[in-house]
Amino acid sequence: MSPAVPLFRPLSLSRTLTVSPAPHPVQAPSPALRSLPAFHMRTFGCQMNAAESARLARMLTAGGFRESSFEDAGIYILNTCAVRDKPEQKVYSELGRIAEYCKAHGKRDVLVCVGGCVARRAGDRIMKRFPQVRLLFGDGVSGIPDALTRLTEDPRLRISLSEFSETYEECLDPLCDPAQRDVFAVPPSVFVGIMQGCDNFCAYCIVPFTRGRQKSRKAENILRECRTLVEGGAREITLLGQNVNAYGLDGGGGGMSFAELLRALSTMPGLRRLRFVTSHPKDLAPEVVEQFGDNPVLCPRLHLPVQSGSDTILKAMKRRYDTVAYLDLVDRLRKARPDIALTTDVIVGFPGETNEDFEDSMRLLERVGFAAAFSFVYSDRPGTRAAGLPDKVGRSTALERLARLQEYQDQVSQKLLQAQVGSDCIVLLEGRSRISELLPDAGGGAEDSGSAAFSAGSGEAPCSSFPQRQRSRPFDSGEESGGAGNSGSDVLSGSGGGHGGASWVGRTPHGFIVNVAPENGSDAPFTQGGLLGAMLPVHIESAAHRSLKARQAGRPC
């Protein structure tokens, strides 16, 4: 282990992070800490941000802080995304809203924290523009509870924790601490980070500049965390990373490949489902493709971003594959698992994209038949190669292309849902359903995040747009998480375990969202609060817009 480094110094902080094979549990707060101010958190952007925010909220709660509404908070925490321009601009708007609200209500001692990609990219400018911002944090959250405690003690202090770490940061999530089980219940479906950063440097992508180079987490730590979560009640695990199938290629995984990690997790007693996101097509190893055919725990759904169907544009994007290679990968996946549901990302309006290039993308969508597509209008990101490319596509042209693509994909996604009617499957119940609010249409139209091209329960999506799918405790993820595909607002895993009359929501192995009202008197072993976490056999009776409705077809297991 590296020598300890002092945690705080005014205005700026350099830190050396080390990987601890056995993190210490979060200590219960002392009585003196119970007077710490309440915090309100808002998350912008990706699933990794959402999972990071949920973990941070648990750490703060375990450390004596209390989560509250926007109006009652003394600490505001924004976990941000800078992969696209619109989420970044929403961060600045939110900072302005906080400043205006505090001024109007005489709140002078508030503490504002900004984390994630925007903090990494524009932290100094944010601190100059918004004096209430007193904490910046980047790709780790372990030092934040102590930092906030220090900041509440010294109102003149400002701290930056936004420098890149050399290794994957380890810190114990209270969710993984058996001593905290009475406070933090393990939900049926959990997210586990296995790597951070990216080494690909695609021409349009800001991730290597805001999240740093790839850092793989040691396999022994991943396995330990997953084992603890499964023992605590988790039935499904989703592995997270900017490029998960490059896990271990940086040498940080302790010698275990991604395929080997999947195998090791799949043998874990009690784990019923395994997923991962996000994948770069060039790094999807044949050994992983094979597992979709012979690993019964690995769910038959994969997010495989293509970005464009034009070889000319793919080359300009520096994606390092062409459409022939991509389609060959699709064919191999479907040979291994014929019923696999594939989802993707598409960027329209990339510099130099012609009408023919766009038509190539439409032809590729038709050829593959994606279950869902996250589609976006290209926007320049500072420091990327694409920002300096000529032949920018006009905004109106790009929006017309996006609208056409989304309309087509929405039809394909809905047909795929209709094809599920009459089938039998197993649904993992993740919480009570609020059917009237389930999966609302995307607000903002084509100019928004492109989420209208979402099919029900798409489950997997890129770092730039992955919606929060499930929460172990409530926090405000904001509309930036993906609009139509965001089932986070509909799957409340902290719900009670009633048995009769209530409608529950869950997902099939293929990731489709299902609403079902279990039979009266139904119960399930090995679950928290009755049906929560049950694997329920159902018969699909109808398809709504982006979701399915079913009836119970067997006893929970």
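Tutor: Let's start with a definition: a charge sits over a ring if NZ of Lys or CZ of Arg is within 6 Å of the ring centre and within 35 degrees of the ring normal. Keep in mind that this is a predicted model.

Student: Got it. Which residue lies over the face of F70?

Tutor: That's R97, at 4.2 Å from the ring centre of F70. There's another case of this kind: R301 has its charged end over the ring of F512, 5.4 Å from the centre.

Student: Now ring against ring. How many aromatic pairs does the structure hold?

Tutor: Eight. To read one, check the ring centres, which must lie within 6.5 Å, then the planes, where over 60 degrees counts as edge-to-face. F70 and Y101 make an edge-to-face pair, with 5.1 Å from centre to centre and 65 degrees between the planes. Look at where they come from: F70 is in the loop between β2 (66–67) and β3 (75–80), while Y101 belongs to helix α2 (residues 85–104), so the pair links parts of the chain 31 residues apart.

Student: Are F70 and Y101 buried or exposed?

Tutor: Both are buried. Ring pairs also join F70 and Y101 with Y76 in a cluster.

Student: What about F258 and F276, how are they paired?

Tutor: Edge-to-face again: 4.9 Å between centres and 90 degrees between the planes. F258 sits in helix α7 and F276 in strand β11, so this pair ties together parts 18 residues apart in sequence. For burial, the cut-off is under 20% relative accessible area. F258 has 3% relative accessibility, so it counts as buried, and F276, at 3%, counts as buried too.

Student: You mentioned β11. In what order do the strands of its open sheet come?

Tutor: β7-β10-β11, three strands with parallel pairing. To find the edges, count partners: β7 (189–193) and β11 (273–277) each have a single partner strand, so one side of each has no neighbour in the sheet. On average, neighbouring strands here are turned by 25 degrees against each other, ignoring direction.

Student: How many bridges join β10 and β11?

Tutor: Five, in the parallel sense, with β10 covering residues 236–240. For one of them, find I237, whose bridge partner in β11 is L274. Then look at the helices: α7 (residues 258–266) packs on the sheet and touches β10 and β11, its direction making about 155 degrees with that of β11. Helix α6 (residues 219–231) lies across β7 and β10, at about 165 degrees to β7.

Student: And which way do side chains point along a strand?

Tutor: In a regular strand they alternate between the two faces of the sheet.

Student: In what sense do β18 and β19 pair?

Tutor: Antiparallel, over six bridges, with β18 spanning residues 535–544. Here V538 stands opposite Q552 of β19. The hairpin of β18 and β19 has two residues between the strands, and R546 in it takes a positive phi near 75 degrees. With β17 (residues 513–516), strand β19 (residues 547–552) pairs in the parallel sense over three bridges; V516 has A550 as its bridge partner.

Student: Zooming out, how many helices and strands does the protein have?

Tutor: 12 helices and 19 strands. Of its 557 residues, 60% count as buried. Of the contacts with a separation of 6 or more, 76% come from residues 24 or more positions apart. The protein exposes about 21000 Å², with carbon and sulfur atoms supplying 52% of that.

Technical notes. Residues are numbered from 1 along each chain as its sequence is written. This is a predicted model: local features need pLDDT of at least 70, side-chain atom pairs count only at pLDDT 80 or more; totals for chains, interfaces and linings use all residues. Side-chain values use heavy atoms; hydrogens and water are left out. Two strands pair if DSSP finds at least two bridges between them. Helices (H or I, at least four residues) and strands (E, at least two) are DSSP runs, numbered from the N terminus. Axes are lines fitted to C-alpha atoms, for helices over the stretch in contact, and angles run from 0 to 180 degrees between N-to-C directions. Contact means heavy atoms within 4.5 Å. Rings of Phe, Tyr and Trp (its six-membered ring) pair if their centres lie within 6.5 Å; planes under 30 degrees apart count as stacked, over 60 as edge-to-face and the rest as tilted. Buried means under 20% relative accessible area, exposed over 50%, partly exposed in between (1.4 Å probe, protein chains only). Accessible areas come from the Shrake-Rupley method with a 1.4 Å probe; for residues, only the protein chains shown count as cover.
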